[in-house]
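User: Could you walk me through a few local features of this structure?

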Amino acid sequence: MPLLLLLIHLGAAVMLLLWAVRMVRTGVERAYGAGLRDAMRRARRGSAFMAMAGVVLAIVLQSATAVGVLAAGFAASGVISTAMGIAALLGADFGSALVVKILSFNLSELVPILILAGTTMFLKFENRMVRHYGRIVLGLGFILLSLRMIGQATEPLRESAVAPQIMAYLAGDPLTSFIAAAAIAWALHSSVATLLLLASFAGAGLLPVEAGLPMVLGANVGGAVIAAWLTRSAPLPARRIPAGNLVFRSIAAVICLGLLQVVPIPVTTLGSTPAVQFVNFHVAFNFVLMLLALPLTNVMSRLTEQLLPEPVDPIANRLAFRSALDRSVIGRPALALASAQRELLRMAETIEVMLRPVMDAFETGDHAHITRLQSLDQEINRRHTDIKLFIAEVNRGQLSEAEMRRGFELASLATDFEAIGDLIKTLLALAEEKAQRKVKFSEEGWRELISLHDRVMANIQMAMNVHVSGDLDSARQLAEEKTVMRKLERESQDKHLARLKAGQAESLETSDMHLEIVRALKEINSLIAKVAYPILKESGQLLDSRLAS
């Protein structure tokens, strides 16, 4: 096979592997996203529980990076501490190693079954959960297919005169092997894919043990860099978690790399073939690191505070509130309205920050945290007032009909966003009431509320994208979410009434509260959906009335 065709074949196989891993993760997140996030919330009883939660989540999501980003998000909203987040990532890396172990088995006979079953479930069923399951099964089939393709693509390399020379060089230079694998893992943005790739090369007889073990260590460090890179713009609490995991992993990998050079490791005890030895070495490294590092998570938390300290600039507090409204362009309506649109986007971002931790507030009942969230409503009110007055001043100038209509739409959206802030304050008041009464929701009722909240948060993201892009298809999808949410509200109410009828004590104690939360989330979603109305109206896709003529 010509070298170019061989590289294309190998590159296609690697890309299929990356896409398949992501496909499985996406399917799991869409099917069980709310439950997975809730599982991490409930694991806050200690570092061991968080580590076990990380193991389970990484196995389910097939990605330690996804768990790291999830933990960072919780840390940013004050749900978990930095030490707890680091514990979750240590467990997640071990869980990710177990995924590599499972996928390294020869399961190629299952490929046609998985692809047939997954495609059928995804294309032939309308039920959303069945389609999510189909995505997961299809992704697993593609992972196994990609591994088979990698094996086929590397077969000609066994007869190559260049490949043995490269491998001989890497075997004699463990540091280069280490750095190369770290760079590959970061470039692929998947430690699972990188380790499976190394195992495939070893299975084809292309990767000797002397080069492979340092590359396994390098892939571990490169995988830890991914989460740190993805959270580089996040708030400080979120950045400290992947940073702490990266420090742990780097220290352990460097020590282990040094030991490999001075202590002969009986690799035959790890397995009968180099591929098995690499995978088992990867699992053992992550297991030992988890056991040794868990007692030190508090120490690492304090170290990350030193590495990533809070800014001490005394001017920072005075610049905390910054308006996008530019009064120097009031006489130029097009620029002024663009300025108001930017300010409205900041208002939406504040709403997102205020609403995201609401369900955690219901669970923890932390009065200080609830008070901090409630104080954000003052910023929302201030931006609302500023936008109204700014647009009123713009309207005193010479505006075209389209510019006047756009100004009215922005002012109307600002009023809707201010109303969302009031609804969130209502939810936070209910969270405080729940803590004072010391009641709790039923398991089923809580899952319903978490699911509704997650859907509203996803719709807020969509609304901000629609507000900026003006994309018609996305606007239509956002408007349709209003109908979907109305249906989910009715279903939740029906299920709640069924629990009341069955006499569930927890449902009886929280009945009014449950229904108020559902109603508030539905109202918030309805107000969010109105972002799409101007775009749909301009294109003639919005009816003036839902009443039959």
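Here are some questions and answers on helix packing, one serine and the aromatic rings of this predicted model.

User: Happy to start with the helices: at roughly what angle do the axes of α8 and α10 cross?

Analyst: Helix α8 covers residues 174–188 and helix α10 covers residues 209–230. Their axes come within 6 Å, and α8 passes α10 in a right-handed crossing. The crossing angle is roughly 40°.

User: How many charged residues are there in the contact of α8 with α10?

Analyst: On the α8 side, the residues include F178, A181 and W186, and they meet residues of α10, among them M215, G218 and W229. The contact divides into 15 nonpolar and 4 polar residues. As for charged residues, there are none.

User: Is S146 buried or exposed?

Analyst: S146 sits in helix α6, residues 128–154, and touches A13, L16 and L17, leaving aside residues up to four places away in sequence. Its relative accessible area is 0%. Buried means under 20%, so S146 is buried.

User: Which residue has its backbone oxygen 2.6 Å from a polar atom of the S146 side chain?

Analyst: Good one to check in the viewer! The S146 side chain has a polar atom 2.6 Å from a backbone oxygen. That oxygen belongs to I143.

User: Now the rings: how are F441 and W446 arranged as an aromatic pair?

Analyst: The whole structure holds 5 aromatic pairs. In the pair of F441 and W446, the centres are 5.8 Å apart with 15° between the planes. Planes under 30 degrees apart count as stacked, so the pair F441 and W446 is stacked.

Terms used: Residues are numbered from 1 along each chain as its sequence is written. This is a predicted model: local features need pLDDT of at least 70, side-chain atom pairs count only at pLDDT 80 or more; totals for chains, interfaces and linings use all residues. Side-chain values use heavy atoms; hydrogens and water are left out. Axes are lines fitted to C-alpha atoms, for helices over the stretch in contact, and angles run from 0 to 180 degrees between N-to-C directions. Helices (H or I, at least four residues) and strands (E, at least two) are DSSP runs, numbered from the N terminus. A crossing is left-handed if the near helix is turned anticlockwise from the far one by less than a right angle, and right-handed if clockwise. Contact means heavy atoms within 4.5 Å. Ala, Val, Leu, Ile, Met, Phe, Trp, Tyr, Cys and Pro count as nonpolar, Asp, Glu, Lys and Arg as charged, and the others, Gly among them, as polar. Buried means under 20% relative accessible area, exposed over 50%, partly exposed in between (1.4 Å probe, protein chains only). A polar contact is a pair of N or O atoms within 3.5 Å; within protein, one must be able to donate a hydrogen and the other to accept it, and residues adjacent in sequence count only if both atoms are side-chain atoms. Rings of Phe, Tyr and Trp (its six-membered ring) pair if their centres lie within 6.5 Å; planes under 30 degrees apart count as stacked, over 60 as edge-to-face and the rest as tilted.
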